[in-house]
Structure formats: C-alpha cells, structure tokens
Amino acid sequence: MKVCVNYNDARWRKYKIDFERVACAAAIDVAPCAEVSITLTNDAEIHALNKKYRDIDRPTNVLSFELGDDILLGDIYISLDTVLREAGEENIPVTDHVAHMVVHGMLHLQGYDHIDDNDAKIMENTEVKILKQLGIKNPYVHDSAVCSDLSCCPGQKFLSRLRKLKIPTSGIIPGTIMFVLGAIASLGFAPFNMWWATMLAIAAAYKMATRSVPGGFLGVFWRTAPFGAAYAMAMFWWVLNSIYVVPELAEQFAVWTVPALVGIGIVGAVIFSVPFVVISCIRTFPACRPFLFAATWTFVLWLREWLLTGFPWNPIANIMLPYPVIANSMSLWGALGLTFVIIGLIAAVAEVLSNRRSKLSWGVLGLFVVLVICGICAGRENIIQAAHENNSSPVIRVIQPARSATQKASHSREDAMRNAVANINSLMSLAEKNGNPDLIVFPETSYPFVIVDGDNIPMADALDKTIILGATSYSGDGLFNSMIVANKNGVIQHVYSKSHLVPFGEYRPFGDLIPTPGQLTPGNGPTVINIDVGGHNFSFAPAICYEIVFSDSLVPMNQMPDAIVNITNDTWFGRTPGTYQHLDMVRRYAIESGLPIVRANYSGISAFVGADGTIKSAIPIGASGYADDTVAGAHITPYRALGRDGWMIIILLFSCVMVIGIDLVKKRD
C-alpha cells in the first residue's frame with residue numbers, strides 16, 4: 001500500500017515515526033495498490049477543517065475523510081497540538097499516541113466506527129490487536145478513548161448519550177424487537193389508523209438495520225426478516241377468517257390455518273426484508289440511504305402487484321387516508337409515489353437524528369418535505385375537481401342484504417331452493433323501499449341462480465328498474481364470477497366476468513396440491529359499459545371484488561367513464577380489519593383515477609365514494625339496508641394520465657440521480 005505523508009507543520013519532523021509501517025499494519029483488507037494520504041498538521045488547520053466539513057467549532061486529534069473507493073482510501077489529518085496535549089495528560093509517549101491516531105484513522109477509512117457500544121468494542125479490539133503487533137501497549141487501559149467526544153466522527157454526540165439504551169446486534173433480543181416493530185407497523189391501517197405507530201416502527205427498524213454489524217447479506221436478512229414476517233401476518237391474518245365462516249369449509253380447511261399463517265409470514269419476511277438488506281449491504285453515504293430505502297420499498301410494492309397473481313394490499317400511502325389533503329396527493333403520483341415520499345421522509349428523519357450536523361442529511365430531509373408540500377398542493381386541486389357536480393347523474397341505489405353465509409348455505413336440493421327464494425325475497429324487499437332510484441346495484445354473488453345464455457332476470461322486470469347484480473354465469477368456456485346488467489324488462493344487456501381471480505378461493509394456482517373451494521374461469525379484462533338509465537346516459541367501469549385493489553386495472557386507456565361500479569362480498573372476512581382495509585383500497589383507487597365509485601357489498605361496507613376518496617354515504621358492516629345517491633366529479637388525474645408503471649420509472653430514475661449526485665458531492669468535498 002502506498003502511503004503519502006504531508007508535513008503541513010514543520011514541528012512534526014522532529015518525531016521519527018514510520019507512518020508507512022503503521023498504516024500498512026492497519027490495512028486489514030486493502031488492495032496492495034491502494035493509496036492513503038496522511039497530513040500532519042496543527043490545531044488551527046484541523047479546527048478549520050472540523051468547522052467546514054463537520055460543523056464542529058473546535059480542534060480534534062484526528063479526522064478521517066473516506067472516499068468510498070477501494071484504491072483511493074481517503075485522507076487522514078492529525079493535529080500535533082492535540083496529540084501532544086493528550087499524550088501529556090495520559091503520560092504516554094507521543095510516538096505511541098500518534099501511531100494510535102494513524103491506526104484509528106485507517107480503520108475509519110475501512111468502514112469501522114464507534115457510534116454504538118457494539119461497534120466501538122469491535123473497533124477498539126481491532127486497534128489493540130494492531131498496536132500490539134507494533135509493540136505498543138493497550139491505549140485503553142487508562143480509559144483514554146481516542147475521541148471520547150466523538151469529534152472525529154461528528155454528529156454522533158446525541159447518539160452517544162443513548163448508548164445505554166443500545167440493543168444487542170445478535171441473539172434473540174434484536175429479532176424479537178424487529179418482530180414487535182413489524183406488528184406495530186401494521187397499526188397505521190384501518191380500522192386502527194395509528195399512522196404515527198407505522199412511521200415510528202419503520203424508523204426504529206431502519207435504525208436497527210443501518211447499524212454496522214458484520215454478517216453480509218444473509219446476516220442482514222436474518223436480522224430484518226422478523227419485521228417483515230410480523231408485518232405481513234398482522235396485516236393479512238384476516239384472510240384465514242374465511243375458513244371458519246361456513247362450518248363445512250372449516251371442517252375441510254381448518255387444518256391449513258397454521259401452515260397458511262406461517263406461509264404469510266415467510267412471504268412477508270422475504271418481501272419486506274429487501275429494503276433493509278439494500279441499505280445495509282450497499283455501501284454508500286448516509287444521505288443516500290433514504291432514497292435507496294424508499295425506492296426499494298416502493299419497487300417491492302410494485303413487484304407485489306405481479307407476484308403470484310399479485311396482492312397489492314395496504315401500500316404505506318393508505319395510512320394518510322384520514323388526512324384528505326395529503327391522501328389526495330395520490331392523484332398526482334399514486335399510492336406508489338406517496339409511499340415513496342412517506343418512507344423517504346421516515347428514513348431522512350432517522351438520518352438527521354443520527355447525524356444532526358450533517359448538512360446533506362438535512363438537505364435530503366428538506367427535499368422530502370418539499371415533495372410533501374407539492375403533494376398537498378396537488379391534493380387540494382384534486383379535491384376541488386372532485387367537487388364539481390354533475391346534474392345528469394342517475395339516482396343509484398346500492399343494496400346490502402347482509403345475510404350470513406350459513407343462511408345462504410344448503411345441504412340438499414330442497415334447502416337450496418328454499419334459501420334461493422329467501423335470498424331473492426330479501427333483495428326485493430330492500431330494492432322496493434321508499435324512493436325512486438333509476439338504477440339498483442346488488443352485490444357480488446347475490447343472485448342465487450346460475451346465468452346461462454338466453455336467460456332473463458325476472459327481478460328487473462318485477463322492479464321495473466335497470467339493475468346490476470352479481471351472479472355465477474356459465475358458457476361453453478366454463479364458470480365465471482360475473483356482473484350482470486339487465487334492463488327494466490329483465491333483458492340482459494351486458495355480462496362482465498371477473499378477470500383477476502382470487503388464488504386458493506376461486507382457482508387453484510398449484511393444481512390439486514392445495515384444495516380450493518372453486519375453479520372459475522377468468523374474464524376478458526377491463527371495459528367500460530354504457531347504459532341508458534331513466535333518460536341518463538351512464539357509463540361505468542365494472543369491478544368485482546378485489547379487482548379494485550390493482551392500480552390501472554379497471555379503466556381502458558383513453559376512456560372516461562362517469563364512475564366505477566364495484567360489487568363485492570366481504571362476508572368471508574366479517575368485522576376483521578380486512579373489511580375496513582378493502583374499503584380504503586377503494587378510496588385509494590378513487591383518488592388515483594379521479595372517478596367516483598359505487599360499491600355494493602353483500603355484508604358491508606357498501607358505500608358511495610367520491611372522486612377525492614371521501615365516503616359520501618355508507619352502510620355499516622353486518623347491517624341490512626340500502627343507500628341512494630348520485631355520482632359526480634369524474635376527471636382525469638395526472639396519475640391516470642401517466643400510469644403506475646410510468647411513475648415507478650420516475651421514482652427509480654429520481655432516486656438514482658439523487659444517490660449519484662450526493663456521491664459526487666461527497667467525493668468532491
């Protein structure tokens with residue numbers, strides 16, 4: 001290794017120290033062709049450097065400037081004045097103390113630090129071993145820390161006060177804490193809406209993941225996997241509630257409860273550990289990490305829309321739905337964009353708290369604050385656009401029968417017919433309530449008979465109304481989960497079949513390996529249906545069940561419907577968080593698309609959702625009833641004009657530019 005020694009203070013020349021020998025002894029894993037510069041200076045110069053680059057207005061003993069390059073390691077500055085003073089106070093030879101400064105500086109250039117107790121112990125033990133090889137005794141026997149005030153790695157004084165609260169980096173304790181943090185992070189979503197809990201939990205997990213702990217990729221994964229496992233299980237456990245809604249299903253599928261919950265945890269551990277692994281394993285400057293972390297988290301959510309048919313549930317953006325102005329920023333950059341901003345803001349705050357004197361870290365935090373403000377401005381505009389009334393809207397009635405799965409179940413042909421008649425009577429009684437709606441919307445699977453070609457819908461004829469209802473339909477291609485549109489004479493005008501089927505519920509993704517209640521055929525994808533209702537031309541994009549959770553999935557390009565009609569059946573999930581979160585996913589889609597949504601849910605929550613995500617009217621879970629309302633405010637949002645994938649590309653490019661820019665600035669300095 002090449003060692004360049006610069007004498008900026010002539011007093012240094014009287015001390016006969018072999019700097020090359022000392023520096024090479026401290027080069028633990030350095031290429032033979034590497035280079036390091038050692039500048040021997042005084043308090044005046046090192047004070048100026050400390051103030052300029054570290055915002056610390058005092059001299060120190062040693063400063064290390066890491067270049068982040070495997071060949072050009074960086075620069076070490078040592079002040080003679082401070083070294084002489086410290087050596088005198090500790091009654092040790094000046095040459096020994098200088099050698100210690102060189103070793104300490106070299107280890108900093110190789111990524112060692114002493115921010116927390118564990119890191120300090122690793123670094124000090126390494127120093128002691130190197131100095132012993134050089135014939136220099138342990139410098140810590142007199143409790144003389146090299147820079148006990150942390151002035152040689154400034155900005156960490158705040159953290160030094162919290163050393164006693166530091167968490168071990170190995171063993172069961174950090175894994176348990178990460179698991180608890182993952183569970184807490186799920187509390188930001190409905191029905192709890194504790195957004196602050198999500199942000200604090202992610203910030204704490206981020207801080208634990210960015211600690212310098214040996215172990216490489218697998219080590220980081222095992223340390224952060226508990227967070228992802230608990231986060232996923234706490235968010236998605238309610239899916240398993242469906243097993244126990246019908247006794248016959250419970251008898252057959254209850255054995256899969258624990259394996260399914262474990263499977264959810266394993267998938268969550270893999271998916272949500274990725275952002276933490278990236279920021280831990282990619283060596284970069286702290287100011288770059290918020291962009292890496294936020295971009296990776298967002299990219300993982302984007303991938304989640306595709307993996308295993310996709311399940312993009314609960315993007316972090318949804319924790320802001322109780323705050324309409326912020327939530328409506330999704331009209332600009334979608335749920336992915338707002339997630340990027342929130343995650344980046346969390347990480348930027350964590351970096352500032354770790355190094356509050358870092359101008360770059362404060363600058364990154366300021367940038368994310370600016371993005372929040374831009375989103376708020378776009379959100380205010382979207383709320384204004386959504387408030388525009390449309391006097392041509394028909395009056396729409398949504399029906400929520402709220403009959404239990406047990407009431408609908410049958411054990412014989414006679415039971416089936418009896419229950420079918422009871423279901424029809426229940427739907428008719430609600431549809432015939434006071435009022436004069438132009439269009440009546442019944443929920444998913446509400447019609448108890450299979451629809452085949454040539455059928456009519458007697459309910460529409462009896463009501464003398466155009467109706468939309470959910471039913472199973474059959475053609476030569478198979479069975480479909482369908483939305484049926486019939487005019488007031490009962491003639492079927494449109495049949496839309498669900499294209500994004502639920503794995504394990506509506507089809508077998510792994511063949512017969514795992515039993516599945518149904519085996520349906522997917523439909524042809526998004527469309528817009530136009531109908532004449534009471535003299536009104538009403539156009540809508542149909543959506544069945546959880547098709548509404550997929551961005552860009554419902555409205556074909558260059559088409560502008562008046563609304564989205566979403567029919568669903570959340571009976572399977574009862575009063576669990578899943579039912580509330582499903583409605584929040586509907587609200588998110590309304591904001592992104594700029595379209596009001598008419599939602600008929602078999603057991604709740606049925607609702608009219610405005611184009612700004614506000615709930616205009618709703619029927620609560622488990623209540624049998626109806627709601628009448630109109631739709632208005634449909635408009636094309638900037639997000640819908642660009643699309644989910646377009647914004648994902650922008651987020652990745654923006655993050656790359658920022659990381660490269662910060663890297664160049666740091667290297668230039």
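Mentor: Helices here are DSSP runs of H or I with at least four residues, strands are runs of E with at least two, and both are numbered from the N terminus. Keep in mind that this is a predicted model.

Trainee: Fine. How many helices and strands are there in the protein chain?

Mentor: The protein chain has 21 helices and 17 strands.

Trainee: And what does the C-alpha trace span along its principal axes?

Mentor: About 110 × 50 × 40 Å.

Trainee: What share of the residues is buried?

Mentor: Of the 669 residues in the protein chain, 53% are buried. As for contacts with a separation of 6 or more, 68% of them are between residues 24 or more positions apart.

Trainee: Which residues of α8 are buried?

Mentor: The list is A197, T198, M199, A201, I202, A205, Y206, M208 and A209.

Trainee: What about α12, how far apart are its end C-alpha atoms?

Mentor: They are 22 Å apart, which agrees with the span that 16 residues should have at 1.5 Å a residue; the helix covers residues 289-304.

Trainee: And how many of the residues of α12 are buried?

Mentor: 14 of its 16 residues are buried, so α12 is mostly covered on the under 20% relative accessible area cut-off.

Trainee: Helix pairs next. At what angle do the axes of α3 and α4 cross?

Mentor: Roughly 120°, and the axes of α3 (residues 80-90) and α4 (residues 94-109) come within 9 Å. The two helices are therefore oblique to each other. The crossing of α3 and α4 is right-handed.

Trainee: Which residues make the contact?

Mentor: On α3 they are V83, L84, E86 and A87, and on α4 they are V94, H97, V98 and M101. By class, the contact of α3 with α4 has six nonpolar residues, one polar and one charged.

Trainee: There's another pair, α14 and α19. How do they pack?

Mentor: Helix α14 (residues 330-354) and helix α19 (residues 577-593) pack at about 135°, with their axes 8 Å apart.

Trainee: Why are α14 and α19 called oblique rather than antiparallel?

Mentor: Roughly antiparallel needs an angle over 145 degrees, and α14 and α19 are therefore oblique to each other.

Trainee: Who's touching whom in that one?

Mentor: M330, S331, G334 and A335 of α14 make the contact with R588, I591 and E592 of α19. The residues of the contact of α14 with α19 divide into three nonpolar, two polar and two charged.

Trainee: Speaking of phi, what is it for N193?

Mentor: Near 55°, a positive value in a residue other than glycine. N193 lies in the loop between α7 and α8, and it is partly exposed, with a relative accessible area of 31%.

Trainee: And T445, where is it found?

Mentor: In the loop between β6 (439-441) and β7 (451-452). T445 has a positive phi of about 55° although it is not a glycine, and it is partly exposed at 26% relative accessible area.

Trainee: Back to the loop between α7 and α8. Is S186 buried or exposed?

Mentor: Buried, because its relative accessibility is 7%. S186 is found in that loop and touches Y231, A234 and M235, leaving aside residues up to four places away in sequence.

Trainee: Last one, E506. Buried or exposed?

Mentor: At 11% relative accessibility, E506 counts as buried. Its place is in the loop between β10 (492-497) and β11 (529-533).

Trainee: How far is its C-alpha from that of T39?

Mentor: The C-alpha atoms of E506 and T39 are separated by 70 Å, and the two residues are 467 residues apart along the chain.

Methods
Residues numbered from 1 in each chain as written. Predicted model: local features only at pLDDT ≥ 70, side-chain atom pairs only at ≥ 80, totals over all residues. Heavy atoms only, no water. Buried < 20%, exposed > 50% of the residue type's maximum accessible area, 1.4 Å probe, protein only. Axes fitted to C-alpha atoms, helices over the stretch in contact; angles between N-to-C directions. Parallel < 35°, antiparallel > 145°, perpendicular 65-115°, else oblique. Left-handed = near helix turned anticlockwise from the far one by under 90°. Contact = heavy atoms within 4.5 Å. Nonpolar A, V, L, I, M, F, W, Y, C, P; charged D, E, K, R; others polar. Expected span 1.5 Å × (residues − 1).
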